[in-house]
Amino acid sequence: MSEKRSSKGGEIPQMHNLDAIDRKIIAALHQNSRISYTDLGTQIGLSRVAVQARINALSEKGVIERFTVVINPGMVGLQVSAFFNVDVEPQFLDQVAEKLDEEPAVTSLYHMTGPSTLHMHGIFADMEEMEQFLLEKLYKMPGIVKVESQLLLKRYKSRMGMRL
């Protein structure tokens with residue numbers, strides 16, 4: 001797989017299974033996933049039907065996993081954003097991950113290398129809600145060895161999905 005890299009972030013890497021048009025479609029959708037097929041077609045020089053067919057094919061191949069909306073947590077009353085490093089005994093890893101996946105406050109969850117087994121992000125209405133989550137849910141899960149948390153002070157950049 002050969003890739004183009006740009007420190008400016010403007011170029012899209014060459015992907016072995018995507019042609020130039022697919023990459024243009026994905027870049028446009030990344031900027032605005034609500035763009036109409038007609039407007040997207042005009043932007044990249046394809047018909048509405050061709051754009052729709054390409055997006056459907058990208059979805060069927062699993063290149064596009066889903067379309068979603070990004071909500072500003074503060075605007076809906078979620079004031080506390082925290083990152084957690086959770087050390088879990090290996091035999092409990094899947095069980096803990098499955099339970100955490102069901103928690104509405106947990107926005108992302110990753111199995112990591114290094115000192116932490118799970119890296120997790122959560123958003124809470126306030127410190128009391130976060131404390132309740134920790135005391136009543138996380139700390140009570142079998143296999144939890146250690147939990148470290150860091151509170152987010154200011155968000156400079158947040159990206160959903162990945163940059164191509």
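In this predicted model, ring pairs join F84, F124 and F133 into a cluster. The count of aromatic pairs comes to 3. One of them, between F84 and F133, is tilted, with 6.4 Å from centre to centre and 55° between the planes. This pair links distant parts of the chain, since F84 lies in strand β1 and F133 in helix α5, 49 residues apart. The pair of F124 and F133 is also tilted, at 5.5 Å centre to centre and with 45° between the planes. F84 and F133 are both buried, and F124 is buried as well. The two tilted pairs have angles that fall between the limits of 30 degrees for stacked and 60 for edge-to-face, which is why they are classed as tilted.

The surroundings of these rings may be considered next. In soluble globular proteins, nonpolar side chains tend to be buried together. The largest nonpolar core of the model comprises 19 residues, and F84, V86, L100, M120, F133 and L138 have the most contacts inside it. At least two residues of this core come from each of β1 (80–88), α4 (93–101), β3 (118–124) and α5 (127–138). Strand β1 gives the most, with 5 residues.

M120 illustrates how such residues meet. Apart from neighbours within four places in sequence, M120 is in contact with A82, F83, F84, V86, L100, V106, S108, L109, F133 and L138.

Definitions and conventions. Residues numbered from 1 in each chain as written. Predicted model: local features only at pLDDT ≥ 70, side-chain atom pairs only at ≥ 80, totals over all residues. Heavy atoms only, no water. Core = buried A, V, L, I, M, F, W, Y, C linked by side-chain atoms within 4.5 Å. Buried < 20%, exposed > 50% of the residue type's maximum accessible area, 1.4 Å probe, protein only. Helix = DSSP H or I, 4+ residues; strand = E, 2+ residues; numbered from the N terminus. Contact = heavy atoms within 4.5 Å. Phe/Tyr/Trp six-rings, centres within 6.5 Å; stacked < 30°, edge-to-face > 60°.
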